[in-house]
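Please read it with the sequence and the model open beside you.

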Amino acid sequence: MGCIRVGGFPALAIAGALALTTAVPAPASAANGTIVFGAALAATGSTAREGELTKEGYDFWKDYVNSHGGIKVADKIYNVDIKYYDDESNPQTAARLIEKLVSEDHVSFILGPYGSANSATAAAVVERLKVPMVEGNGAAASIFSQGYKYTFAVLAPGFKYLQGILEMARTLKPVPKTVAIATANDTFSVEVGQGAADYANAHGMTVVYQNKYPAATTDVSAVVSAIKALHPDMILNGGHLDEALLLQRTFKEQSVNAKIFGYSVGPDTPDFRKTLGKDANWVFGGTQWSPTAKYRGAPGFIGDSNVYAAAFNKQYGHLPEYHNAESTAACLAFMYAIERAGSLDPQKVRDALQHLDVVTFYGILKFDSRGLNVYKPMAVNQIQNGELMTVWPLGVQNAKPAYPTPPWNAR
Amino acid sequence: MELFAQDLVNGILAGGIFAVVALGFSLVWGIMNIINLAHGAYIMMGAYTSYVLFSTWHLDPFLSLPLAFGLLYFFGYGVQRFVINYVVRAPLLTPFLLTFGLSLLIVNVALFIFHGDTKGITTQYSGSNISIGTVTIAWTKLWTLVVALIITTGMQAFLTASRTGRAIRAMALDIDAAQLAGVRVSHLYAVVYGLGAGLAGAAGVLISLSYSLQPSMGDPFVITAFVCCVLGGLGTVQGALVGGLLYGVLEAFGSQYVGTGLQDAVALVVLLLVLIIRPRGILGKATA
Amino acid sequence: MGGLSGNATALRVTVAILILLAFVPLLHSGYDENLGRSVLMFATLSFGWNILGGYTGYVSFGNVVFFGIGTYTSAALWQHWHQQSIPLAIGCAVVVAVAFAIVLGIPILRLRGHYFAIATLGIALATEEIVANIDWLGAGSGQAVRPLEAFSSYYFAMWAVCAASMLVTYLITRSKLGYAFVAIRENEEAAAVLGVDATRYKVIAWAISAAMAAAAGAVFAGANGFIDPPTAFATDDNVFPIVMALLGGVGTVAGPLIGALILTAINETLWSHFPQIHTLFFGAVIVLVVLFLPRGLLWLMNTRGGWRGVVAAFGAYRL
């Protein structure tokens, strides 16, 4: 149904609540200057929470770098600062603010906004202004089909989100054969669903149901009853937290059982577990990253994923979610690119980004010719007894997948 | 066939909530000729009331329903008496935009207090269901329907039997004559609007049992209320009930047989057809 | 003096402001250009709404559907025919939108008041959802639109569209068309009795309204670089033009642009001082405007007694 969005009017941005201009005290060696990064992030509006998580990720990196020797550019040392503006969760505002950052604040490096629509509009702007942007929060491939050269995304593209679950499923016994896929009708989710369907079809599984529901719908009964009638082995959803909650509840209400329930968004989020309680158990989620995934860190930054998680927890009072991690990873990409370019020239940094190839606490950071990190695998986690465990791939798991999911009345 | 029966049941269950959603909206529109775009905000307030009471004192939503109703009633009364009453006789656009502005205000206050993250209520009994033949019915939804019917019956009794109710109906027929007869119109207008808000709050509580909560959650239900009122006819309890149930069933079948991606479009097309062919709806009276 | 056009001084001032706006790209600030283009876009949408809502008295709550049609026409031209020409996009958008308006107008314009308003809202919502299911238009994922290298072209195009809309509004007020519209607004039955073909004029009003919105949309698409259903049919684009017309003066020539400028200025000021709660204040502004200036600022200028007149008039509509 039509949702009256609470997005604000495009407006003149002055460093309101979000502009940070105070630098962290300089490290022992004197710095030759400060590199300023720019970011238009939601501080208000419907994605304010995700915007806040993104900001935490960016700031964590900034604070760490500034207290650990800064960034080395050729033979000079630089501190780092980030200039924020609130895009109100509105794509047009994001575009306008990025114009401001580049043309008025003379920022040469843009950290991406939150969300696919905001990222898409931002990508068009940075392409025209010829400054590189690295983002960790807009996973839709449609952004990358335009031949843009200045946008890079560290996160695995949308179509991979559920593939990890299917990959894992093939190793389980008995192998699940049929899959139902329900997605929200928006850029990101449709791609997630299609990616899952393509993988299933290519690996001997049958897609018995593939359908879209309106984004932000409040009613999924038709979807659920149709799926129920087909008795699939696996049920997958590409959508958002609200729908994940609604679907999981409706599955229980309608006694819909399956061997695997998988969601692209949801299980990662503490709210999902908190709201559903024990009804959240057994659910699988595709994830870019989780604190329990064991990724090795690259030199020059904090270390392995568990070290990152602990340090983050210490600074922000909560374990990092994937939004935090992917945002920090975006900053890391810039950092390594700038160091390898040995220059602050936007063009040279852009080229260095294109040729980046480094393994970090977040996984591999490497971009194909479109700017997509197709090399990054998706991990799979599962909620087991109220805890989120990483169960796939084998190299990063810290628990085995619990399979098959018992029927509702047997829990 | 099993799908058909399940969809029908789903539709009726959803329709119960829609009826309560539509009832408050219909009263305000039918009696005062005001389209209350803040209706969604009141629904949201009711839902959050239920959430706060549930998460702080573990009060079951069905029990917090009367509280939410009362709270929203007084709030709505105040809004009407001290704000909207000043523009009641203005052309259509004015109350429309006024209530829209109020809605923005209320939703943003909620956003400020509760933030945008999704919240939900999961009770002990949520998810439990019974099966009749091939049809599965969730207990929560069934009780919601029962409560919805109780509320609509109660409203009907109030409007027909009580003195206030009769005064309200008189006022709706001819406001000047009612005023001459001694009816305190500005008070009664506020009562009606308060009832509308209270009913929205009650609907919000019912909704909070099955759906997630967010500050903007109420807005889609304004459209729902529109459609139900148009389908069933304005200003009467029966109209809201019929409109709600019919809309629920239409949505259920529409999404199953036309396509889930188009479920809202189906309802809206039906709305347009009804507006073109029979604007007063099924039970509405022809306007003079 | 003005007649249907409204206060002549206000009109001259507004035209002067419009001419000044044409020079914004010379400031060489991407930000200012973006903001200015936004003002011009909203003003155009407001002009469009004003024709049907202000002059003819048919309050539409779904004009964004034509804006959306405009954006998608532009997007389709790029995606399927690799055309980036702005005049072409505007031309096609106007043709499609006018056709849509005529086809829908004939049944829908028989409705009145609230029913017409809801019907238009329903059309906008239904169209958004239907478009989200059409693969040729990118479905829910949307389509990218490659902007021209000479990016300021979009600014000038939007300016031209806005100026044209204002001019058309002015010409209407000086013509038989304008009097027919107002006659319908004041008393449709009487107008019909006097020989005004109400249906024909209502459809014309809606078609003009649609053309303006679609032209704005066609330019917006290229400037924005990306179109998807929520962007094309955004509620902001639906409601703000109405508030702007109200603020500036419903049923006047200058009103929409004045309203667009003032509302943008208010929004910017609010945002710079109250970033966390500026949307909340925005809601408060709408409430205050509706309560105290139900017919807009230009009405205020024409009222005897100025501000005191406003206070005295407050409550003219009360019970």
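**Notes on the predicted model**

1. Chain C has an average pLDDT of 87, and 91% of its residues score at least 70, where pLDDT is the predictor's confidence in each residue, on a scale from 0 to 100. The model as a whole scores ipTM 0.83 and pTM 0.87. This is a predicted model, in which local features need pLDDT of at least 70 and side-chain atom pairs count only at pLDDT 80 or more, whereas totals for chains, interfaces and linings use all residues. Residues are numbered from 1 along each chain as its sequence is written, while chains are lettered from A and ligands numbered from 1 in the order in which they are written.

2. Chain B contains 11 helices and two strands; here helices (H or I, at least four residues) and strands (E, at least two) are DSSP runs, numbered from the N terminus. Read from the N terminus, the order of elements in chain B is α-α-α-α-β-β-α-α-α-α-α-α-α.

3. How does the radius of gyration of chain B agree with that of a compact globule? A compact globule of 288 residues would have a value near 19 Å, and chain B, at 19 Å, agrees with this; the radius is taken over C-alpha atoms, and the globule rule is 2.2 Å times the number of residues to the power 0.38. Along the principal axes, the C-alpha atoms of chain B fill a box of roughly 60 × 45 × 35 Å.

4. Of the 288 residues in chain B, 62% are buried. A residue is called buried if 20 or more other C-beta atoms lie within 10 Å of its own, exposed if 12 or fewer do, and partly exposed in between, with the C-beta atoms placed from the backbone. Among the contacts in chain B between residues at least 6 apart in sequence, 78% join residues at least 24 apart, a contact being a pair of residues whose C-beta atoms, placed from the backbone, lie within 7 Å.

5. Where chain B meets chain C, 37 residues of chain B are in contact with 34 residues of chain C. On the chain B side, the elements that give two or more residues are α4 (93–114), α8 (185–210), α9 (219–232) and α11 (263–277), and the largest share, 12 residues, comes from α4(B). By class, this side of chain B has 29 nonpolar, six polar and two charged residues; Ala, Val, Leu, Ile, Met, Phe, Trp, Tyr, Cys and Pro count as nonpolar, Asp, Glu, Lys and Arg as charged, and the others, Gly among them, as polar.

6. Chain A is assigned domain 1 (34–156 + 292–366) and domain 2 (160–287 + 378–410), with bounds that come from an automatic or database domain assignment. The C-alpha centres of domain 1 and domain 2 of chain A lie 29 Å apart, and 12 residues of domain 1 of chain A are in contact with 13 residues of domain 2 of chain A. The side of domain 1 of chain A that touches domain 2 of chain A is made of seven nonpolar, three polar and two charged residues.

7. Strand β7 (residues 178–184) of chain A has six of its seven residues buried, so this strand is largely enclosed by the rest of the structure. Strand β7(A) runs parallel to strand β8 (residues 206–213) of chain A, and seven bridges join them; two strands pair if DSSP finds at least two bridges between them. Within β8(A), Val207(A) is the bridge partner of Val179(A).

8. Two peptide bonds in chain A deserve a look. Trp392(A) and Pro393(A) are joined by a cis peptide bond with omega about -5 degrees, and Pro393(A) is in the segment after β15 (387–392) of chain A. The bond from Tyr403(A) to Pro404(A) is also cis, with omega near -10 degrees, and Pro404(A) lies in the segment after β15 of chain A.

9. Are Glu88(A) and His58(B) buried or exposed? Glu88(A), which is not a glycine, has a positive phi of about 60 degrees and sits in the loop between β3 (76–86) and α2 (91–103) of chain A; because it has 31 C-beta neighbours inside 10 Å, Glu88(A) counts as buried. His58(B) also has a positive phi, near 55 degrees, in the loop between α2 (39–57) and α3 (61–82) of chain B, but His58(B) is exposed, with 9 other C-beta atoms within 10 Å.

Conventions. Two residues are in contact if their C-beta atoms, placed from the backbone, lie within 7 Å.
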